[in-house]
Amino acid sequence: MTNNSTSEKRGNFTGKLGFVLAAAGSAVGLGNIWRFPYLAAEYGGGIFLLVYLILAVTLGFALMSAEILIGRKTGLSAIGAFKKLDKRFSFVGILASIVPAIILPYYCVIGGWVAKYIAVFATGKSHAAAGDEYFGNFISGTAQPIGWFLVFLGLTALVVLFGVEKGVERVSKVMMPLLVIMIIGVTVYILCQPGAIEGVKYYLIPDFKHFKATTILAAMGQLFYSMSLAMGIMITYGSYMKKDVNVESSVHNIEIFDTGIAFLAGLMIVPAVTASGADMGKGPGLMFAVLPKVFDGMTGGVVIGLVFFVLVFFAAITSSISLMETVVSIVKDKFKVSRTVSCILVFVLCLVLGIPSALSNGGILSSVKIIGLGFLDFFDFISNSVLMPIVALITCLFIGYFLKPKTLIEEAELEGNKFKQKGLFTVVIKYIAPICIVLILGFSVLEALGVIKV
Ligand code: PHE
């Protein structure tokens with residue numbers, strides 16, 4: 001067994017900055033730049049944003065703190081951690097560990113789309129990419145989506161083989177600030193375009209007409225996804241964290257970073273939708289459909305587009321590294337195999353689940369549906385809207401009523417640190433989160449079944 005007292009095997013992050021950057025590297029990714037904007041566009045703009053922000057400062061804060069603290073307290077990743085704290089709750093660790101294993105393969109598919117757009121801009125084909133049919137033609141192919149998926153997956157696997165410090169920290173330190181600057185620059189440009197203001201209004205002004213139970217479910221799933229919660233990831237990260245690092249302020253930093261980038265990405269893409277005359281309900285292809293049009297109209301757009309997609313690629317790969325790191329570390333701890341063997345096993349799993357996802361968006365497998373969804377959408381739905389809320393619910397109940405919030409608050413207050421918002425933490429974990437999650441899941445199921453209309 002590996003834990004912090006015998007930590008030769010488990011590397012430690014160098015300090016708070018190292019921890020925050022690595023955790024932010026996991027949190028900030030395609031979830032912020034690709035997923036958040038298309039959900040915001042689809043679920044009513046301002047109302048989605050409002051619900052998301054409320055959830056982030058309550059549920060997001062409490063759950064992220066809880067997971068990091070569980071990891072740091074036990075020095076183990078999800079399965080071992082829950083088992084060590086309470087044998088009866090071992091299944092939560094297992095359930096949580098299934099989530100990254102489901103997300104990672106399709107995450108690499110989308111990462112592959114980003115890689116493809118780097119190649120498109122690098123080879124000067126950006127004008128073609130601005131055409132209406134371009135994205136659809138690309139994802140409905142066979143060799144292309146699979147090939148780019150393999151490129152992205154292969155790179156992720158290579159970085160994971162190098163280990164935590166070398167792999168994750170080094171990459172994320174340089175790229176993130178550049179990404180922020182780039183997003184701000186592109187946003188300013190888009191906001192100056194005719195038609196953009198409609199998108200800004202739609203994005204910033206909540207319209208309660210659009211409010212549904214599924215708005216909250218979508219925002220909650222997105223929150224978990226974006227902050228890498230309810231899937232054991234932050235538990236693993238916490239297990240690498242030193243005891244003197246202040247967890248609460250680390251969580252605030254990660255949260256501000258993550259939510260800030262998602263907010264900016266929305267402010268970039270939603271107005272680009274109205275400015276380019278595209279459709280808000282475009283779903284997963286939204287970013288790939290509207291941004292090339294924007295870059296095409298800019299002076300120097302080829303270079304700007306290239307740099308942009310390269311930075312998105314880095315944000316995506318730090319997240320996929322973190323996803324793979326978690327799965328690899330679980331397989332390694334659980335089956336007592338070497339890191340290399342574990343990497344190979346995880347790689348094979350990604351091939352098995354990723355290839356059908358790559359072919360499900362207009363490609364040869366697009367007619368295969370599970371509960372009405374193609375493979376990629378199905379994996380996205382089952383992880384974000386089903387498994388993660390359930391894992392979050394049981395985690396809260398476990399901490400609230402079995403482990404007790406006090407145990408984690410003590411862990412947070414080690415070495416003279418203060419946990420200022422421990423009141424909020426306790427109330428959210430014990431009451432607010434469980435009640436909200438049960439209500440939201442319940443309403444959403446009833447709404448989906450057509451029993452009620454909210
Ligand atoms: N949080 C990452 C993002 O926003 C995605 C991710 C999900 C990373 C799950 C790790 C685990 O893109």
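Predicted model: local features only at pLDDT ≥ 70, side-chain atom pairs only at ≥ 80, totals over all residues.
**Helix H2**

Helix H2 covers residues 30-42, which makes 13 residues. At 1.5 Å a residue, a helix of this length should span 18 Å, and the end C-alpha atoms of H2 are 17 Å apart, so the two values agree. H2 is mostly covered, with 12 of its 13 residues buried. Just after the helix, Gly-44 adopts a positive phi of about 95°.

**The nonpolar patch and its helices**

On the surface, a nonpolar patch has about 800 Å² of accessible area together; its residues are Leu-397, Tyr-401, Phe-402, Val-427, Tyr-431, Ile-432, Ile-435, Leu-439 and Phe-443. Helices H17 and H19 each supply at least two residues of this patch. The largest share, 6 residues, comes from H19, and Ile-435 is one of the residues found in that helix.

| Helix | Residues |
|---|---|
| H2 | 30-42 |
| H17 | 375-403 |
| H19 | 422-448 |

Helix H17 also contains Asn-384. Is Asn-384 buried or exposed? Its relative accessible area is 1%, and Asn-384 is therefore buried, since buried means under 20%. The side chain of Asn-384 makes a polar contact of 3.4 Å with the side chain of Tyr-106.

Key: Residues numbered from 1 in each chain as written. Heavy atoms only, no water. Helix = DSSP H or I, 4+ residues; strand = E, 2+ residues; numbered from the N terminus. Expected span 1.5 Å × (residues − 1). Buried < 20%, exposed > 50% of the residue type's maximum accessible area, 1.4 Å probe, protein only. Patch = residues over 30% accessible without salt bridge, like charges linked within 9 Å, V, L, I, M, F, W, Y side chains within 5 Å. Areas by Shrake-Rupley, 256 points an atom, 1.4 Å probe, with all protein chains shown as cover. Salt bridge = Lys/Arg side-chain N within 4 Å of Asp/Glu carboxyl O. Polar contact = N/O pair within 3.5 Å; in protein donor to acceptor, adjacent residues only side chain to side chain.
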